[in-house]
Structure formats: C-alpha cells, structure tokens
Protein chains: 2
Amino acid sequence: MASPSSCTRSRYSNSGGDSLTFRALGARLGVDATAVYRHFADKDELILELVDRLLKEAMAGFTPDDNWRKTNVDIYERVRAVHLKFPRLAVLVASRTGRRAHEFSAVEHIIGALRRAGLSPESAGRYYRVLTEYVLGYMIEEATFRSLDAATQDGDRRAWLVEYRALPDDEFPNIASSIDHIPIDDDPRIFGWGLDLLLDAVEQQIQAPPPVST
Amino acid sequence: MASPSSCTRSRYSNSGGDSLTFRALGARLGVDATAVYRHFADKDELILELVDRLLKEAMAGFTPDDNWRKTNVDIYERVRAVHLKFPRLAVLVASRTGRRAHEFSAVEHIIGALRRAGLSPESAGRYYRVLTEYVLGYMIEEATFRSLDAATQDGDRRAWLVEYRALPDDEFPNIASSIDHIPIDDDPRIFGWGLDLLLDAVEQQIQAPPPVST
DNA sequence: ACCTGAACACCGTTCAAGT
DNA sequence: ACCTGAACACCGTTCAAGT
C-alpha cells in the first residue's frame with residue numbers, strides 16, 4: 001500500500017529499481033528492516049528459500065508426457081516462465097543450485113525423460129547439464145536485461161535497429177546482408193530456437209553411433 | 001598498492017567483494033571517488049566503454065580460419081576467456097550490446113563464417129543470434145557464480161557431491177543412475193559441449209533440406 | 001521468541017566550491 | 001578543464017535493548 005520511498009534515483013544508473021532489499025521488505029510487511037534476521041541467517045538463506053518456492057510454483061500441475069522431448073521443453077518453459085514473472089529475483093536466483101525438494105523433482109524428471117529417450121546414464125548426465133546450463137544462462141541474461149531501466153534497454157535494442165544498420169556495406173558486408181534477419185537481443189523466440197537446436201543434436205546422438213567422449 | 005579499505009563484510013553476504021565501485025576506483029587512481037564523472041556521464045557509460053575494451057583484448061591477433069566452425073569456436077572462446085579473466089566485470093557487461101567498433105568486428109566475423117558455411121542470410125542472422133545468446137548467457141552465469149564468495153560457491157558445488165548423492169534411490173531412480181556422470185555446475189568443459197552441440201545442429205541444417213522457419 | 005532502532009561500513013550521484 | 005568534499009538517499013548487517 002504505502003510506497004516504501006520515492007526512490008527518484010536508484011543505486012546504479014542502469015538498475016530499474018525495486019530490487020530485493022531488506023528495507024523495502026520490512027516496509028512492505030510493516031516491520032523493521034532487520035526483522036528478517038529472526039527468520040534467515042542472511043540474505044543468501046532468503047534467496048535459497050526463494051529458489052525453492054520459485055521452482056515449486058513452476059512445477060505446479062506438471063505431469064510428464066510420453067514424448068521425452070515434449071517433457072523437457074515443458075519443464076524448461078515452466079522454469080523460464082516463472083523467472084520471467086520475477087526478473088529481479090531471477091537475477092539473484094538462476095545461477096544457484098537450490099538443492100531442495102522442488103529442484104530435486106525437476107532434475108529427476110529431466111533426466112528421466114532423457115533416459116526414456118534412449119540415452120545411457122553417461123549421456124543423460126552430461127546432456128542434463130548442458131541443456132540446463134543453456135536454460136539457466138539464457139534466463140539470467142534475459143532477467144538481467146529486463147532488470148535494466150527502460151532507457152538502457154531501449155538503447156541496447158536500438159543498436160540493432162540503428163547503429164548496426166548504419167555500418168558501411170563495404171567494411172561489414174556480412175552484417176549488411178543479414179541485418180534484416182538478425183533478431184533483436186531480447187526477442188523471446190530465441191530461447192525456443194536454441195533449445196530446439198540442442199534437442200535436435202541430442203536426438204541425433206541417439207540415432208547415430210555414440211561418439212567418443214572426453 | 002594501498003588496500004582501499006579492509007572490507008571485512010561485503011554488501012551482500014554472497015558477494016565476493018571487490019566489485020567495481022567509484023570509491024575503490026578513485027582510491028586506486030589516487031583521486032576523489034567522484035572524479036570519474038568528469039569523464040563519463042554515469043556508471044553505465046563507463047561499462048559500455050569497458051565492453052569495447054574487453055572485446056578489443058579478446059579479438060587481438062584474431063584471424064579467420066578457412067574452417068567456419070573453427071572460426072566461430074575461436075571467437076567465442078576468446079570472448080569467454082576475457083570474461084573469465086574479469087568475472088566481476090563480466091557480470092556487468094555480458095548482457096549488454098556494446099555497439100562499438102570491436103563488437104561490430106566480432107559480429108561481422110561470426111556472420112561471415114556462417115555465410116561461408118553455406119547458410120542463407122536468413123539462417124545466418126538467426127543462428128548468429130542463437131549461438132551468441134548461448135555464449136553470453138553461459139558467460140553471465142559462469143561469471144555470476146565465480147563472483148560469489150568461496151563458501152557460497154562451495155555450498156553449491158557440494159550439492160552435487162553430497163545432497164544429490166544422498167537422495168533415496170526409489171524416489172529418484174534417474175538421478176541415482178546418472179549421478180556419477182552429472183558434471184558439477186561449474187565444470188569448464190560444459191561450455192564447449194554445448195557449443196559443439198549447437199554447431200552440430202547448425203551443420204545438420206546446412207546438409208539437410210532447409211526447414212520451415214517461423 | 002520475536003522485534004526495534006541506532007549504528008557501522010558501505011553504495012551512486014549531485015553540486016557548490018576550489019585550482 | 002578538471003578535481004574536491006560535503007551531502008543525499010540509499011545498501012546489508014550487528015547488537016544492545018525492549019516486549
């Protein structure tokens with residue numbers, strides 16, 4: 001209800017404000033900013049709890065599909081959706097291993113789908129990590145970008161509409177030839193394109209003779 | 001020379017300290033913390049300049065290879081190496097579009113390699129973005145993790161050596177079967193595995209009939 | 001058992017004043 | 001043309017004190 005403070009200027013010029021602070025949290029809850037220390041040892045403990053609640057919300061109502069690929073896409077889209085919903089939290093959260101119940105469950109389902117696809121335990125373990133690292137990395141970048149203030153975001157987006165288009169053709173012939181087809185940085189479709197590409201390659205590994213591993 | 005301040009406790013419990021601050025910068029340069037405002041409008045301007053210098057360092061001595069795949073891997077490895085060298089800077093930098101000379105040059109070389117591989121302007125533009133988003137996302141996540149303090153990093157790493165291993169086999173059979181083969185979060189080989197998988201899929205697109213695009 | 005509030009050691013940024 | 005230094009509005013965290 002009561003706006004916590006005017007916040008005319010944020011701590012970083014490119015930060016959109018409203019990040020998670022104990023003072024804002026206390027104001028919102030009507031208690032002192034330090035009251036949170038009665039419940040969590042420090043800010044990191046709070047964040048780990050939030051990782052788990054985020055994954056709980058993401059996985060609510062999930063049931064695995066017979067199609068392993070659909071199952072994995074479903075899980076990763078769910079996790080991404082909830083991070084998009086809380087981008088300022090996602091920045092703090094997505095590089096961490098939550099190591100709590102709802103993360104365990106999501107991991108079990110992902111690896112289960114890869115095993116059902118016909119992957120060996122070795123390949124399932126490795127590709128679980130590669131796929132998940134792609135998704136987490138993408139989400140952090142996306143959330144970081146969306147946490148910037150509007151003007152900074154627009155400046156970065158405009159780079160692909162203005163600066164990259166203004167480059168001299170003779171010096172940058174390849175950019176010139178493709179510029180109409182380079183998606184803007186934060187085009188939401190990129191996530192799915194990359195995930196599909198990775199899953200295509202994994203599917204290829206299943207059909208092809210197993211490659212030499214390192 | 002002179003350590004700027006003891007810094008026994010950092011602003012966030014999980015931040016490793018030594019991030020980029022105007023006060024630390026001023027102390028290091030022997031000037032007042034606000035002197036930087038004589039040269040940059042705000043912190044964001046400083047960061048954009050640093051993006052360009054990072055890419056300049058990354059691309060120093062680069063020459064494209066005849067092999068398009070080698071060329072792209074070389075560029076992406078160079079960019080990653082320089083971000084690994086300055087992880088606390090990488091966190092601030094890797095989600096941004098630098099839109100300056102050295103970024104233009106790197107983009108030109110990446111798209112050029114994809115065109116030489118036989119991709120259409122459409123596909124080259126799209127896959128440039130997908131590959132780059134993978135690399136940037138991976139780097140942000142890696143840099144964010146390496147910017148955590150040592151104890152927090154160890155806690156996350158230990159999750160895969162302790163918590164995930166302690167899970168009951170009957171409830172988590174797929175994790176149990178693969179646990180010996182799941183790489184730790186920050187295994188440096190994951191980057192290359194993911195990039196190779198994406199490039200495998202791109203190569204597949206070149207050989208196969210072009211797919212319907214969306 | 002839980003909360004308060006002053007204090008500490010930090011932030012980016014502004015601005016009047018210096019040279 | 002460039003720098004200083006006080007000030008402002010913020011941070012996470014500690015700790016003695018309250019109920």
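User: Is A:Ala159 buried or exposed here?
Analyst: In this predicted model, A:Ala159 counts as buried, because its relative accessibility is 0% and the cut-off for buried is under 20%.

User: Which helix is A:Ala159 in?
Analyst: A:Ala159 sits in helix 7 of chain A, which covers residues 150-161.

User: And what is A:Ala159 in contact with, leaving aside its neighbours within four places in sequence?
Analyst: With those neighbours set aside, A:Ala159 is in contact with A:Tyr164 in its own chain, and also with B:Thr97 and B:Arg99 from chain B.

User: How far is A:Ala159 from A:Asp185 in space?
Analyst: Their C-alpha atoms are 9.5 Å apart, while in sequence A:Ala159 and A:Asp185 are 26 residues apart.

User: Switching to the two chains, how many residues take part in the contact?
Analyst: Chain B contributes 72 residues to the contact, and chain A contributes 72 residues. Between them the two chains bury about 6,400 Å², with 61% of that area on carbon and sulfur atoms.

User: Which three residues of chain B supply more of that buried area than any other three?
Analyst: Those are B:Arg129, B:Glu141 and B:Leu197, which together supply 11% of the area that chain B buries against chain A.

User: How many salt bridges and polar contacts cross the interface?
Analyst: The rule finds six salt bridges between chain B and chain A, and it finds 24 residue pairs in polar contact, both residues at pLDDT 80 or more. One salt bridge joins the side chains of A:Arg99 and B:Glu163, at 3.7 Å from N to O.

User: Which helix of chain B gives the largest share of the side that touches chain A?
Analyst: Helix 6 of chain B does, with 18 residues. Several helices of chain B each supply at least two residues to that side, among them helix 2 (43-59), helix 5 (101-116) and helix 9 (190-207).

User: What about that side by class?
Analyst: The side of chain B that touches chain A has 33 nonpolar, 19 polar and 20 charged residues.

Conventions: Residues are numbered from 1 along each chain as its sequence is written. Chains are lettered from A and ligands numbered from 1 in the order in which they are written. This is a predicted model: local features need pLDDT of at least 70, side-chain atom pairs count only at pLDDT 80 or more; totals for chains, interfaces and linings use all residues. Side-chain values use heavy atoms; hydrogens and water are left out. Contact means heavy atoms within 4.5 Å. Buried area is the accessible area (1.4 Å probe) that two parts lose on being put together, summed over both. A salt bridge is a side-chain nitrogen of Lys or Arg within 4 Å of a carboxyl oxygen of Asp or Glu. A polar contact is a pair of N or O atoms within 3.5 Å; within protein, one must be able to donate a hydrogen and the other to accept it, and residues adjacent in sequence count only if both atoms are side-chain atoms. Helices (H or I, at least four residues) and strands (E, at least two) are DSSP runs, numbered from the N terminus. Ala, Val, Leu, Ile, Met, Phe, Trp, Tyr, Cys and Pro count as nonpolar, Asp, Glu, Lys and Arg as charged, and the others, Gly among them, as polar. Buried means under 20% relative accessible area, exposed over 50%, partly exposed in between (1.4 Å probe, protein chains only).
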